Structures are given as structure tokens and as C-alpha cells.
Amino acid sequence: MIIHACFNFVDLTIYRSNKDVNNNNNRPERENIFSFDLPSCLLGLIMSLLMLKDKIRASTVCKKWLEAAKSVRVVHKHQWFVSIPTFGNSINLFDPLERKKYTLNLPEKGVTDVAYSKDGWLLMRRSSFVEFFFFNPYSRELISLPDNELPYKAIAFSSAPTSETCTLVTLNRISEYIVAISTCYPGATEWITKKFHCYLAFGPNVHSNLLCVNDRFYCFTSGGVLFEFDPASRTLSHQAWDDVRFPEIHNNEWSYLPKELYLMEQKGELILMYTYGAEKPVVYKLVSSKWEEMSSTLDGLTIFASMYSSETRMDVLGMKNSVYFPKYGLRNNMQCVSYSYNDARSNRDVNNNNDKPERENIFSFDLPSCLLGVIMSMLMLKDKIRASTVCKKWLEAAKSVRVVHKHQWFVSIPTFGNSINLFDPLERKKYTLNLPEKGVTDVAYSKDGWLLMRRSSFVEFFFFNPYSRELISLPDNELPYKAIAFSSAPTSETCTLVTLNRISEYIVAISTCYPGATEWITKKFHCYLAFGPNVHSNLVCVNDRFYCFTSRGVLFEFDPASRTLSHQAWDDVRFPEIHNNEWSYLPKELYLMEQKGELILMYTYGAEKPVVYKLVSSKWEEMSSTLDGLTIFASMYSSETRMDVLGMKNSVYFPKYGLRNNMQCVSYSYNDARYYPGLPERRLLCPVDSLWIDPPPFLK
């Protein structure tokens, strides 16, 4: 579930560039979706989970992601723990990564025990202890072998019994310097046994399992002796390593601890591991006839150790640099214990939810809190609850996740033609809706998925929903206006439409209407504070009242219920740039919007940083340098705000047109303190036929 969430968040990162969100040719080194650099190990994990097409796209994000994509190696499947009870007709399988148990009912099994496993095949023995057979629990294929009455210390086979090269070998210690080796193969009628006299002792102490590498069988003893048997020539050789670092095994200090030796193979090379008690397993690799201790991280290796046969895998997701041991818990529950070389500790039972380690073996680093928040916000409730049990940090992240809001879409409505264009700034996808009802119109306002539109006569207004194609007519309005807005969806009973026009410096005219009305009602107001000819904001409705802010620091408030207008000035509001001659040549804009019933004011001038204020207790307070997770979607007619939009937090988005009228967006990131892509040309931003709208419900 966590990895699935990582897929989603990476997909957002791939789609979302903080340079022009529609410009693939000029990507930034750092994406706005996160305020930190992703650790290389997490990038490698993500890249290894992507399909080739997505990996290529991800590699274009930045140089670091490109290197991560190049470095991803082939990912191997991990081993499963199989438990084969002597009695009964079933065997149990346990996936140590998913922590799931499966049971296979196999009537062929009978009373048996298992001796070895390789390539999906089991070497099994009947209750008589002399009758051997190969068995594939998945295909249920069974291959009989001749009886073998000789005892053995170790047993192994070279390859799947369906191959022509399969050889079965047992090794038994007759005395300290004599060993007996028996060989057989599928289709043979008897075992062939030969005794060998050795000048190096095969002592009674600990020895490893038997292992086949490159058609030869090996066994290692605690005396530091490696026995090598060639079944083709039926010869046995052995060699001792005095300098092999096994002091603990021979030291009396460790004599009371349980010790085990495990021999395994990785790409044709012998791997040796010894364990004693709860101490760190020590792993060696045989390189050019010399045992060399492997690095402290195992170089991405995973070891699956068992008494009869051990396996290795490289780059197993979530299990790298670890050793896994099968075990049984209470009521014979199948479980695993692992030793993590990343954490230099034994992780508790990977199937025990009641006693989780503080740090999971799947990652060798602590996930940043902001990334945890992104992941948690993408999980379903059930998965979020499961994730919260990992550790205290994950629990806090799950608790802290707030409701994630949908982002706005950029809608472009050409005056001519019967189509409108929609652009998703996060996915960078464009959609076209063919709407015969549109005709020759332009757009005036947008709210709650509805558009306020005007016919070519400039007096005929109507509401239009581009998704449901519902149209609601309004009476004609011949009066000009400086700003227009409506309070809510026209299908609601509280919908009110308001226009504001400046008659003179101290006189404004306000007209009101509502769906179903037959005329507009207009009233003029005399103001003691001037509504100057300079820059003013759009009109916005908050808590059933309409507001407009002017560049002189005056907020006009209209109450449609009582048809009254009030206004207030703030001398201390920090707008010195707007009135300062130093900035007089720069294009300036004022945007007024609402967030949870509070007024939000933003002004821009040229390519300078947008300044954002919030009206708190009749005082304008500048918002923090990060906007506290807010996203602003600004346009000339109507502006919207959203909280905690994945991939778009702490940013301001402006619609624009690119070459050939391609729909694009320009954003200012408060995390990076810059515009993307580069410094904008203000005259190209917020074109008159474009604004923001709720995304279509059929594409959510």
C-alpha cells in the first residue's frame, strides 16, 4: 500500500513541473511538489517499480533522477517460506514481504518430510526414510527415485529434475577422515556410493548444507575446510583456510552459543555465512581462492537461510542487505526473523504487528515528514490505519493529514465558435467541449462549476454549466460595470448576482439580480472615500456580502439583503509599491478571494513576488512566506483558493497562452521564491477570455 502511494506521488512529480507547467524543454532542478531532495535510495526504489515508458519520462525531471533511472538494476523476486508438516496432505506457504500465508492441499504428499529445495522443486522422503522423490507443489508433478538406505549428513541436487543435468548427491561422515558420497539422477535404478579418505578432518562439529555450483557440490566445515565433489569424475578434493576469520567459532568464549554454517551461491560464486546466537551474521565470498568478508551492507544482497538449503537474491525491493530466517510463532504461525545490515540489528518478527520496530527494513533512511504526509493523504482509510501502526512518526503523519482539495482548471472561452477549452495544470492535459448552446459569447465570472456569460449584444446575460449543459437566462442589463460576481450556484435559492460600476470618484452604482427575476435593480451610492480610477480588484462574495478592494487601500462592502454599501480604509496596509513612483511603470493587479470565510488579498506588480494578505479581526495581516499550504488560482474576473493541493501547495497560478494559443500556466512558488518559467510578461497573463473553474465531475 505504501509503495502504491509512492507510485502516485511520483506520477504527480513527473507531471508537475514548476517551470511552465506545459513546458517540457526547460525543467527545473528542483520540483515544487516537495521542498526537499529525495534520497537516492528512495529514487532507486521508485525507478525500479516504474514501467519503461514512465521511467523514461521520470528521467527527464532532473540530472539526479536521470542517474537514478540509469542505475536501476534488474529486480529479482524474493523467496517464500514453505512449511511441510510430516503428517497431513497440505503444505503452507508464507510470503515474508507481504506477510501472507497460503495453504496448498496436496493428496500426493502423504506422510513425508522435506530434504531440499531448488528451482521450485522439493526433494522429499517418505515415512520409511529410504524412499525419495521429487515433487513440484505448483504443477503437482512427482518424479520417483530409487530407495536409499544409507544415512547422510547433507543432501542436495544440482538443478530441476526435469533437466538432463540433474544430479542428486548425499554426503555422510563415516569417521573423522572418511566420508561417503552417494549419487543418483532421475530415471536411475540405484544409488552409487563411494568412500573417500581425506587428509583434512571432517570433524563432528558444525558443517554447512550441501550446495551445487557450476556442476560441483560443496560443503564447508567449522574447521575451515571446504569439501568439493565432482560427480562427473567422482572425485573429492578439499582445502583448508587458516586465515579465514572464524575466531569466534573456535573460541571458548562463544562455545555455549548455538552456531550454524550456511553455504549458498550468487552468480556462480560461493557465499558463506555463519551465525552464533544473536550476534551479527558474518558473510564471506570466495574470490580467487580466498575468502573475503563482504561489505557491511552486503551490496544489495538478500540471504534466505534454512537448515537444508539457502538462497540468495540481489536487489529485492524492501529486503535488500538483510538475512531472513524462517520461524514459528504462537500456535505454529509461520513467521520470519530478519537481520538488517542497514540498521545493524535483528528486526523483530516481520509478521508481528504488536511489536513493530521503530524503523522498518524496507528503507535505510527516515522518510521526511512532508513526504510521509503526501503518502498518507493518498491512502484509503483502511490502508492509512495499517500504515499508522508502523511507528510513532508514521502515526503522527497519519493524524496530521488534512482533507485534500481538488485543484482548479483553466477554462478558455473564445468569443466565436461553439467550443470551450479546459486545461488541467497538474496533469498538463487539454480537453475540448463542443457546446452548440454557446454561440457568440464571452465570459464574465465563474463559481461552483457555473459560468456567467454574455451574448454578443453585451446586455443579454445567462448562467451556463458546461458539464451538465444547463442554461439559466437572466434579464438584460444595459448598464456598464467595472466588476461582476454571483454568490453561489444559480440552482440554489440564495444566488444573487451583483455588478459594480464607478460613476465618478465618489459615486458608485450597484445593480442586483437573481435567477428568475425580470429586471435588474440599480442603486447609486455616494461615498466619502474615493473609488479612484486606478487599479481595483475583482468582486467577490463572502458570507452573503460582496467586496471590492481598491489600490488606495479602501475595501467596499455591499450587503444585498439591506442594499447598503459601507467602506473602510487601511492607512497601515503595506502597499507602498503601488503608490511609489519607483514602480509606477510596472503593470499592477489586485486579486480578492475567499478562504474559509476570510478575505484574501493579493497584489502583483511586474515580475516581483506577489504579496498576500488575510483580513483577520478587521486588520490586514501579511501571510507567511510559505502561504501555509494555500494555493491561489488568479484570473482577471474571479480568483479561487484551495488548501493542501498535492503538487501545487504554496503557489500562485496564472493562466496564459503560449505559442499558437496553447493553453499554459505560469506559477510563483513561495517554496523556491521564484516564478516558473522565468520572469513572466504580465501583459500575457490572465487573458480576458479565461478564468478558473471546478474540474469536470466525470473526470474526477
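Which side chains meet in a salt bridge with Asp442? Select Asp442 and Arg454: their side chains meet in a salt bridge at 3.5 Å, N to O. The term denotes a side-chain nitrogen of Lys or Arg within 4 Å of a carboxyl oxygen of Asp or Glu.

The model shown is predicted, so local features need pLDDT of at least 70 and side-chain atom pairs count only at pLDDT 80 or more, whereas totals for chains, interfaces and linings use all residues. Residues are numbered from 1 along each chain as its sequence is written, and side-chain values use heavy atoms, with hydrogens and water left out.

**First stop: strands E28 and E29**

Asp442 belongs to strand E28 (residues 441-447) and Arg454 to strand E29 (residues 450-455), so their pairing ties together parts that are 12 residues apart in sequence. Strands (E, at least two residues) and helices (H or I, at least four) are DSSP runs numbered from the N terminus. Arg454 is buried, because its relative accessible area is 18%; buried means under 20%, exposed over 50% and partly exposed in between (1.4 Å probe, protein chains only).

**Second stop: strands E4 and E5**

Select Arg125 and Asp113 next, whose side chains form a salt bridge at 3.5 Å, N to O. This pair links distant parts of the chain, with Arg125 in strand E5 (residues 121-126) and Asp113 in strand E4 (residues 112-118), 12 residues apart. With a relative accessible area of 17%, Arg125 is buried.

Asp54 and Arg57 meet through their side chains in a salt bridge at 3.1 Å, N to O. Both residues lie in helix H3 (residues 52-58), three residues apart, about one turn of the helix. Asp54 has 22% relative accessibility and therefore counts as partly exposed; Arg57, at 26%, also counts as partly exposed.

The structure holds 17 salt bridges.

**Fourth stop: aromatic pairs**

Rings of Phe, Tyr and Trp (its six-membered ring) pair if their centres lie within 6.5 Å; planes under 30 degrees apart count as stacked, over 60 as edge-to-face and the rest as tilted. By this rule, there are 30 aromatic pairs. Select Phe549 and Trp620, an edge-to-face pair at 5.5 Å centre to centre with 80° between the planes. Phe549 lies in strand E37 (residues 545-549) and Trp620 in strand E43 (residues 619-622), so the pair ties together parts that are 71 residues apart in sequence. Both Phe549 and Trp620 are buried.

Finally, select Phe410, Phe423, Phe633, Tyr653 and Trp692, which ring pairs link into a cluster.
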